[in-house]
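Take a look at the model below. Some of the terms used for it deserve a check against their definitions.

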Amino acid sequence: MTNRATATIHGWLLLLPAMACLALFTHWPAVASFIESFHSTPKARRPARFIGLENYQQMLADPIFWKAMSNNLWFALGTIPTSIALALLMAVWVNDRIAGRTLVRMAFFTPTILPMIAVANIWLFFYTPQYGLLEQITGLFGARSTNWLGSQDTALYAITIVAIWKEAGFFMIFYLAALQAIPPSLGEAAAIEGASRWTFFRRIQFPLLMPTTLFVLINAVINAFRMVDHVFVMTRGGPDNATTLLLFYIYQVGFGFWDTAYAATLTCVLLALLALVAFVQYGWLERRTHYQ
């Protein structure tokens with residue numbers, strides 16, 4: 001056996017544990033969920049039986065599914081661009097030589113290291129009617145009391161703000177690392193040419209940050225469609241499904257109503273949606289991304 005063949009076998013053996021875990025805990029559950037979506041939910045004395053597309057027909061006629069899908073799309077539109085833009089702004093700011101830069105970085109990053117359940121409970125206190133921190137601040141200006149989480153008009157926006165607050169600091173770390181990897185000579189050359197800071201950012205820094213932006217965008221999309229902790233603690237999908245997101249509805253159907261077949265159907269739709277988004281991101285955005 002040649003040295004090249006030995007190295008190839010050695011490489012595949014090194015990859016084998018990771019590939020086995022990936023297939024066992026990622027690929028097989030997805031395939032199993034797809035198969036289960038064509039069957040009925042097994043009961044104590046009634047095994048699962050093949051029912052074809054009945055679960056998908058039920059899903060198309062389910063108003064709560066469409067409400068959850070609509071809520072999730074609005075939630076994604078609110079969290080993804082806002083958290084990315086805020087993270088980029090914070091990274092550019094703390095990358096400069098400002099007073100107390102370390103403390104500012106720590107303050108921006110602190111929400112990221114807090115458990116999601118703890119974050120939800122903190123914001124529950126902020127949103128509490130009459131007694132919460134937000135109510136105390138708005139009361140100073142004479143505003144009337146608002147039940148932020150109990151109103152259909154404000155509940156989803158309140159959840160969105162919590163997600164942005166937690167995610168922006170996490171994304172800031174990646175942008176900060178990317179900014180520090182840009183050679184200082186580029187900034188010096190731009191200063192010699194008389195370019196303003198905005199021109200330097202728009203023509204040099206931002207194009208070089210596109211690989212990081214693509215990575216952050218992928219994570220932001222995944223986070224937007226896997227949100228369940230905050231919803232479970234703060235609203236449980238209410239009021240009247242105003243904050244029911246797709247993954248929370250899957251959890252509710254699967255573990256609350258114990259309809260595992262219908263939950264598998266909803267899971268397949270979620271996976272298909274994420275696959276479509278990933279195809280757009282990798283097939284279209286990556287071609288327009290400049291790598292150093």
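The questions below test a few labels on this predicted model.

Q: What makes the chain one of helices and zero strands?
A: A helix needs a DSSP run of H or I of at least four residues, and a strand needs a run of E of at least two. The chain has 13 helices and zero strands.

Q: How do you know how helix α3 and helix α12 are placed to each other?
A: Two packed helices are described by the angle and the distance between their axes. For α3 (residues 63-95) and α12 (residues 246-256), the axes come within 8 Å. They cross at roughly 145 degrees. Angles run from 0 to 180 degrees between N-to-C directions.

Q: Which residues make the contact of α3 and α12?
A: From α3 come I64, F65, A68, M69 and N72. From α12 come L246, L247 and Y249. The word contact applies because heavy atoms lie within 4.5 Å.

Q: What makes a residue of the chain count as buried, and what percentage of the residues is buried?
A: Buried means under 20% relative accessible area. Buried residues make up 35% of the 292 residues. The accessible surface of the chain comes to about 17,600 Å², with 69% belonging to carbon and sulfur atoms.

Terms used: Residues are numbered from 1 along each chain as its sequence is written. This is a predicted model: local features need pLDDT of at least 70, side-chain atom pairs count only at pLDDT 80 or more; totals for chains, interfaces and linings use all residues. Side-chain values use heavy atoms; hydrogens and water are left out. Buried means under 20% relative accessible area, exposed over 50%, partly exposed in between (1.4 Å probe, protein chains only). Accessible areas come from the Shrake-Rupley method with a 1.4 Å probe; for residues, only the protein chains shown count as cover.
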